[in-house]
Every structure is written in C-alpha cells, then in structure tokens.
Amino acid sequence: MAKRGEGQTRLDDAARAGWLYYVAGRTQDEIAASMGISRQSAQRLVSLSVAEKLIKVRLDHPIAACLELAEALKQKFGLKQVEIVPTDPSAESASVGVAEAGAAQLERWLKQPEPLVIAMGTGRTLRSMIDQLSPMECPQHKIVSLTGNISPDGSAAYFNVIFSMADAIKAPHFPMPLPVIVSSSTERELLHSQPLVAPTIALGHRSDVTFVGIGEMNMRAPLLVDGFLKPHEMEELLQVGAVGEICGWIFGEDGKLLTHPVNERVASLEIPSRETSTVVGLARGRRKHPAILAAVRGGHINGLITDEEAARHLLAN
C-alpha cells in the first residue's frame, strides 16, 4: 500500500480542521483536543484550509451601506443588477470579495432548471471567480467563450476560464480557438468564418447572461503584460485616450469604443446586447476606477459587481 506524502497528509489535516471550524462550528481549542495537536497548530491548519481553497467562505448577510450604494448606482446608470462588497484597503488581490460575490451570483444562474447560454469573458478576476465555484451538475446549460483561448506564443491562455468552469459544473462548453487580438481585420474575418468557429459566434450572440472582467489601460495592463499588445501600441492607445477594455475591446473615458487599428484586430466576440443579455462586469481596485466608470457610461454592461470604494467613485463622477 502506497504511503501518503507529508504534503497530502497536511492537506487532509487542514481539510478536517477547516470542516470542524467552519461547518461543525467547533472552537480552535476543541479542534486541537479532537486532533491531538496544539491550539497554534489548529489555527494554522484552519488558515491553510482557506488558503488552499479546501474551504470557501462567503458572506451571506448584505451590509446596509453596500445595499444603499448598489441602489444608487442602479438609479444613476440604469443598471439591472448591482452588487457591492466591502472594501478591504489592505487587500493585495484585485479580486478579493468581488470573485466570491461573482461566484455566488453565477451559481444562482446555474441553479435555474431552464437551459441557458452563459457567455464568459476572460481575465484574472473571472479566473478567481471560477475558482470559487462549488461543484455542480449543469448539463442543461451551455457555456460559450467570448474571447480566444490562445496566447500570442501559441500556448493556451492561462486566464481563459471556460475549461475550468466546464470542469466545475459539468456543462457543454464552446471555446473560441483564436487569439484575443490577431494581425489584421482581414485575418479576423477569415478566422470568424471558419466552420469550427462560426457556431461559437452564433451561440455567443444569443447568450442569456454574460460575465466579463473590466481591464484597465496602462503600462501594467493585462493586455500588455500577457503579450497581446506591444509597448508602442499601448503608448499609442493611451495617447488617444484609452482607459479600459472588456474582452479586448478598448474604450475611452466616455465609454465609446476607440476608432483605432487595434480595435479592428480584436478577434473576441462583440459584447452581447444588453437588450437581450444580462452583462455583468466584475472589477475592483483604485487603478480600475476610470475603466469601471467608462464601462458603465458607455453602456457596455448592465450589471456590476465591485467594492464600496469604486461605487463611491462612480457616484461622485
């Protein structure tokens, strides 16, 4: 019989400690006594269970201030859905809180018995959101990717979420076997007309709900860091007023898509119609405030999940 490795044993202990603490409601002293370890060890194991995502913690009690901000944003920008999470000033992650709220909202859609087409963007926040999903069986739904799953070097794009989401919920999925940005508008048209791609495009156009990340535009932006844009292209875009992007589609401060050669090369699907689809944008963090504001101004989204700080910024501008 093969022996379990030390790392696996520690994860097993962490899972047990996390279950006892968060599910069974035991104190750390009780966990220590139950497992025959010190209180400090029990505390470390409980923390490890969260860090390793063995236990996923969500806040189910709405905070009054967040509800008031959400309602004010709905009224100001004509949004269908808004969810505001508390701001943690010390949080280093750009997705903390927002990813958990997005996962909870996505699960509510997934629990619907009627078949839905669910379109997904890409990015770090969405990847974190999918990591928070509970395992489900959803064969009645179809998941479609709005963006390509190929990086500029030909490898699979790490932050494309459709495959990990499909694994979590066991649903049919339709990837987009293209890069986010191609070499020319002619190449985009050619690729979109391919028999393997056309069905995905048609499905994306009739999505019932869409989840997208809202990206900032600067010299640290994901489109540049991940190699989809070159530094000189980013500098040109910033000079003509680029402040944000969704699925690679770049827009200015007023929310209008820029008339620029880069937008002519975006191979992602157009953002689904807000008339027929609920399009939920997820973003938080001060550096994304201009992009979030431009996204709601331009009507690119009709649903928003963000934090208190961003909400107050939107209401003040």
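Trainee: I am new to this structure and would like to begin with accessibility: at 28% relative accessibility, what does Glu 187 count as?

Mentor: The model is a predicted one, and the class follows from two cut-offs, with buried meaning under 20% relative accessible area and exposed meaning over 50%. Glu 187 has 28% relative accessibility, and therefore counts as partly exposed.

Trainee: Where does Glu 187 lie, and with which side chain does its own side chain make a polar contact?

Mentor: Glu 187 belongs to helix 8, which runs over residues 185–192. The side chain of Glu 187 makes a polar contact, at 2.3 Å, with the side chain of Ser 183. Separation in sequence and separation in space should be read one beside the other: Glu 187 and Arg 265 are 78 residues apart in sequence, while their C-alpha atoms are 8.0 Å apart in space.

Trainee: What does Glu 233 touch, once residues up to four places away in sequence are not counted?

Mentor: With those residues left out, Glu 233 touches Phe 228 and Arg 265. Glu 233 is in helix 11, made up of residues 231–239, and at 11% relative accessibility Glu 233 counts as buried. A polar atom of the Glu 233 side chain lies 2.8 Å from the backbone nitrogen of Lys 230.

Trainee: How should I read a whole helix, and which residues of helix 4 are buried?

Mentor: The general idea is that an α-helix has 3.6 residues a turn, so residues three or four places apart point the same way. In helix 4, the buried residues are Cys 66, Leu 69, Ala 70, Leu 73 and Phe 77. Seen down the axis of helix 4, these buried residues fall within an arc of 100°, so they line one face of the helix. On the other side of helix 4, Ala 64, Glu 68 and Gln 75 are exposed.

Trainee: How many residues does helix 4 have, and how far does it reach?

Mentor: Helix 4, residues 64–77, has 14 residues and reaches 20 Å from its first C-alpha to its last, which is close to the 20 Å expected at 1.5 Å a residue. Just after helix 4 comes Gly 78, with a positive phi of about 65°. The cover over the buried residues of helix 4 includes strand 1 (81–85), helix 13 (289–297), strand 10 (303–307) and helix 14 (308–316).

Trainee: Which residues have the most contacts inside the largest nonpolar core?

Mentor: That core has 56 residues, and those with the most contacts inside it are Ile 214, Ile 246, Ile 301 and Leu 304. Helix 13 gives the most to this core, with six residues. A second, separate core of 30 residues includes Ala 99, Ala 103, Leu 110 and Val 280. Coming back to Ile 301, and not counting residues up to four places away in sequence, its contacts include Leu 79, Val 212, Ile 214 and Ile 246.

Trainee: What is the phi of Lys 170, and of Cys 247, neither of which is a glycine?

Mentor: Lys 170 has a positive phi of about 55° although it is not a glycine, and Cys 247 likewise has a positive phi of about 55°. Lys 170 lies in the loop between helix 7 (162–169) and strand 4 (173–179), and Lys 170 is partly exposed, with a relative accessible area of 47%. Cys 247 sits in the loop between strand 7 and strand 8, and is buried, with a relative accessible area of 7%.

Trainee: How many disulfides does the structure hold?

Mentor: The number of disulfides is zero. Another cysteine to look at is Cys 138, which is buried, with a relative accessible area of 2%.

How values were computed
Residues numbered from 1 in each chain as written. Predicted model: local features only at pLDDT ≥ 70, side-chain atom pairs only at ≥ 80, totals over all residues. Heavy atoms only, no water. Helix = DSSP H or I, 4+ residues; strand = E, 2+ residues; numbered from the N terminus. Buried < 20%, exposed > 50% of the residue type's maximum accessible area, 1.4 Å probe, protein only. Polar contact = N/O pair within 3.5 Å; in protein donor to acceptor, adjacent residues only side chain to side chain. Expected span 1.5 Å × (residues − 1). Arc of directions from axis to C-beta. Contact = heavy atoms within 4.5 Å. Disulfide = S-S within 2.5 Å. Core = buried A, V, L, I, M, F, W, Y, C linked by side-chain atoms within 4.5 Å.
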